[in-house]
Amino acid sequence: MRTGAQVLATAAAGLFTLTACSYGSTSVDDIGVGPGKGWPLAFRDAHNSGSSPVTGSRKLALNWSRPVGGPVAQPVMVGGDGQLFVTTRIPGCNSVSFQMPTGRKRFCNTMGPSAIYGGSAVDGSGNVYIGDDGAVYSFNNLGQPRFRTPAAGTPVSVQFTGDGNVLSVTQSGQIDVLSRQTGDRQVPTFQLLGEPDFLANPSLNRPPDGQGLEDCAVGGPQCPVANVSAVDQKSGRFYATLWKPGEGQAALVALTYNGKDVHVDWDAQMLTGGSATSPALSADGSTVYVGDNTNRLIAVDAATGKTKWVQDLGFPARGGISVADGLLIPAGDEGHLVALRDKGDSAEIAWERKDLELRGRPVQTAGGTGYTVAPIGDKLTLVTFDTHSGATVQSNDLPGAEGTTVGTAVGDKGEVVVTTRIGELFVFKPET
């Protein structure tokens, strides 16, 4: 038989344990570090490689398609469990999630009007981080809010650092490193455009959070930082494009986050007419690839900022560059499907398909399989191709699709998700 003292002691011990767990959970990161499986970042990984380690299927079938309800400007994120996240412009419903197997809507949240242009990222536990008007917003996989951290501008780049924090860069150049748990700043905010002199301009107002966002799509001068930063998570160095007001051309900038602060390593003005693509890193992190608006694809030494080679593509590589096994496949809404190889001090065309016009971002997968969207006849078509030769393997119509696409993503089970700019989702699954 237990005495009253024993009962009280046991209860006290239980209360102590519960209290310790409750308070301890706020300081211990137990929600899954960094990006998970699927397509958790705009270009799949921190390097912006636009490629998936999943072995891509060469026999796809349309599983479902549906309208989002409004236009889409950024690619869909795919969580490790297949949950889809997309932002659009619908009053009262502009952050939307769908289930991969059926296309059923899982949640729909209200954010600011500029969220359609904001960057997104999904961590290993399905928590999503989205650039909003003047903030980074985070939801869990049920759509419940986790935190909202203010920022100057709209974060167009949302990435993960090597130590599992969120790296946010706004179109106006504010850089923050945030805790994924709480949204708290881990280091002092860094401003790529510098801090304003309020003594010289005491009545200076902060620009609107959405200023210049429409210029980001083409890397124009009204959008100082137009792209998603590429991150070398091992070294802490990351790469951003920057067009400072009054400068004749945009620059590629290398910065480092070392756990204590963010600082600039080098700044190389080289992007004539502005940046056309987000930077992408080679597999070993030694080379940065970036495109400008004079149709050039440029390879840059990641350590020094010196140009290694320049290749005229004949079209602007709009959006990004898929990098896998030394093969570079540019994206865009103009030009054609082409693959290049980096020869160190020059580039060579591995193969090209002038019959396949680009309508978005080609992606590569393991097993030598790639996917791109092209107009064939009067229809938009998902083309599966062999990355070694460029040969078409399979073609699948996108029923009723028009215009162009903002991205193609690959799920952890080999699903292929295509998103159009007018706001349609098409999900293909591997046929067994």
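Mentor: Two strands pair if DSSP finds at least two bridges between them. A strand is itself a DSSP run of E, at least two residues long, and a helix is a run of H or I of at least four; both are numbered from the N terminus. This model is predicted, so local features need pLDDT of at least 70 and side-chain atom pairs count only at pLDDT 80 or more, while totals for chains, interfaces and linings use all residues. Residues are numbered from 1 along each chain as its sequence is written, and side-chain values use heavy atoms, leaving out hydrogens and water.

Trainee: In what order do the four strands of the open sheet with S11 stand?

Mentor: The order is S11-S12-S13-S14, with antiparallel pairing. Strand S11 (155–160) and strand S14 (190–191) are at the edges with a single partner strand each, so one side of each has no neighbour in the sheet. Strand S13 (residues 174–178) meets S14 over two antiparallel bridges. In one of these strands sits Gln 174, whose bridge partner in S14 is Gln 191.

Trainee: Which way do the side chains point from strand S23?

Mentor: In a regular strand the side chains alternate between the two faces of the sheet. In S23 (residues 321–324), Ile 321 and Val 323 point one way, and Ser 322 and Ala 324 the other. All four are buried, where buried means under 20% relative accessible area, exposed over 50%, and partly exposed in between (1.4 Å probe, protein chains only). S23 pairs antiparallel with strand S24 (residues 327–330) over four bridges. Val 323 faces Leu 328 in S24. The two strands make a hairpin with two residues between them, and Asp 325 in the turn has a positive phi of about 55°.

Trainee: Which residues of the largest nonpolar core touch the most other members?

Mentor: Nonpolar side chains tend to be buried together in soluble globular proteins. A nonpolar core here is a set of buried Ala, Val, Leu, Ile, Met, Phe, Trp, Tyr and Cys residues joined through side-chain atoms within 4.5 Å. The largest one has 30 residues, and Val 78, Leu 84, Leu 382, Leu 398, Val 417 and Leu 425 touch the most other members. Strands supplying at least two residues each include S2 (60–67), S28 (369–376), S29 (379–386) and S33 (424–430). S33 gives the largest share, four residues.

Trainee: With which residues is Leu 398 in contact, leaving aside neighbours within four places in sequence?

Mentor: Leu 398 is in contact (heavy atoms within 4.5 Å) with Val 373, Leu 380, Leu 382, Val 418, Phe 426 and Phe 428. A second, separate core holds 24 residues, among them Ala 280, Leu 297, Ala 299 and Trp 309.

Trainee: How many disulfides does the structure hold?

Mentor: A disulfide is a covalent bond between the sulfur atoms of two cysteines. The criterion is a pair of cysteine sulfur atoms within 2.5 Å. There are two. Cys 93 and Cys 108 have sulfur atoms 1.5 Å apart. Cys 93 lies in the loop between S4 and S5, and Cys 108 in strand S6 (residues 105–109), so the bond ties together parts 15 residues apart in sequence. Cys 93 is buried at 12%, while Cys 108 is partly exposed at 28%. In the pair Cys 216 and Cys 223, the sulfur atoms are 1.9 Å apart. The S-S torsion there is about 80°, so this disulfide is right-handed. Both Cys 216 and Cys 223 are buried.

Trainee: Which residue meets Asp 386 in a salt bridge?

Mentor: Side chains of opposite charge can pair when their charged atoms come close. A salt bridge needs a side-chain nitrogen of Lys or Arg within 4 Å of a carboxyl oxygen of Asp or Glu. The structure holds 11. Asp 386 meets Arg 58, at 2.9 Å from N to O. They are 328 residues apart: Asp 386 is in S29, Arg 58 in the loop between S1 (51–55) and S2. Asp 386 is buried at 15%, and Arg 58 is partly exposed at 33%.
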